[in-house]
Amino acid sequence: MAALEISDIRKSFGGLDVIQGVSFSVAPGERRLLLGPNGAGKTTLFNLIAGDLRASSGQILLQGRNVSTLPSFRRAALGIGRTFQILTLFGRETVIGNVIMALLGRSRDRWNPLRPVASDKALRERALGILADVRLDALADRPVQETSYGEKRRLEIAMALAQAPQILLLDEPLAGLSREERATVSTLLDGLPRSLTIVMIEHDMDVALAFAEKIALLHHGKLVVDGTRDEVIADPRTREAYLAQ
């Protein structure tokens with residue numbers, strides 16, 4: 001059974017067809033790259049998968065379950081986690097405070113206003129463990145506003161991981177990073193467990209192609225090529241899609 005299956009997904013805004021009949025599947029544990037020039041519809045497709053947008057037609061299956069009509073919070077509860085092209089953090093909180101809030105997002109304790117979150121040692125230890133996975137544990141008590149852009153990128157990944165996803169959608173996790181920061185994040189991604197299925201949008205081709213096992217190439221909202229890394233790179237339609245920008 002596929003971890004994620006997209007079947008004839010379409011999305012229109014008024015008379016503009018942004019996603020046009022896209023279909024592909026992602027196997028459990030697969031590292032999948034969504035490739036395409038600017039405006040191809042990659043982030044829109046992520047929004048459709050995560051439930052931030054509702055598809056005009058078609059189906060999205062998560063572990064065989066049709067989640068097409070479920071809101072984003074229900075899909076998150078079923079195992080879809082994501083990061084965003086534009087950082088979405090709690091800027092006035094500490095680094096560990098952001099991760100604790102992400103942990104509470106999947107916990108019934110979030111409805112308990114009397115729980116002393118600040119003094120919950122077990123919750124803090126869980127958050128510290130996740131921060132250690134992204135090499136931010138030493139900055140746990142630092143305000144987010146005092147961290148670098150690269151550290152914020154890693155924190156957003158930590159917050160997504162805190163929700164124990166089965167499928168992680170990464171929207172340009174290397175965007176705006178220095179060479180050293182890209183190397184750090186790439187190492188982080190390589191170390192994620194194979195039990196986690198990852199779909200990534202990325203324009204750093206060296207990193208993205210080294211990461212990807214299979215690639216779906218979008219152009220003008222259509223799936224142009226779908227296959228292994230070598231198959232997509234060798235396909236002349238890949239070059240045509242980028243030259244047509």
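Reply: Contact here means heavy atoms within 4.5 Å. On that basis, and leaving aside neighbours within four places in sequence, A40 is in contact with V18, L218, H219, H220 and G221. The model is a predicted one. A40 lies in the loop that joins β3 (31–35) to α1 (42–50). With a relative accessible area of 1%, A40 is buried, because buried means under 20%. A40 and A241 are separated by 201 residues in sequence, yet their C-alpha atoms are 9.4 Å apart in space.

The helix pair comes next. Two packed helices are described by the angle between their axes and the distance between the axes. For helix α5 (residues 149–162) and helix α6 (residues 179–190), the axes come within 10 Å and cross at roughly 15°. Angles under 35 degrees count as roughly parallel, and α5 and α6 are therefore roughly parallel to each other. The crossing in which α5 passes α6 is right-handed. On the α5 side, the contact is made by G150, R154 and I157, while α6 contributes E181, T184, V185, L188 and L189.

As to confidence, the chain has a mean pLDDT of 90, and 93% of its residues reach 70 or more. Confidence is highest in strand β4 (residues 57–62), at a mean of 97, and lowest in helix α9 (residues 236–243), at 80.

Definitions and conventions
Residues numbered from 1 in each chain as written. Predicted model: local features only at pLDDT ≥ 70, side-chain atom pairs only at ≥ 80, totals over all residues. Heavy atoms only, no water. Helix = DSSP H or I, 4+ residues; strand = E, 2+ residues; numbered from the N terminus. Buried < 20%, exposed > 50% of the residue type's maximum accessible area, 1.4 Å probe, protein only. Axes fitted to C-alpha atoms, helices over the stretch in contact; angles between N-to-C directions. Parallel < 35°, antiparallel > 145°, perpendicular 65-115°, else oblique. Left-handed = near helix turned anticlockwise from the far one by under 90°. pLDDT = per-residue confidence, 0-100.
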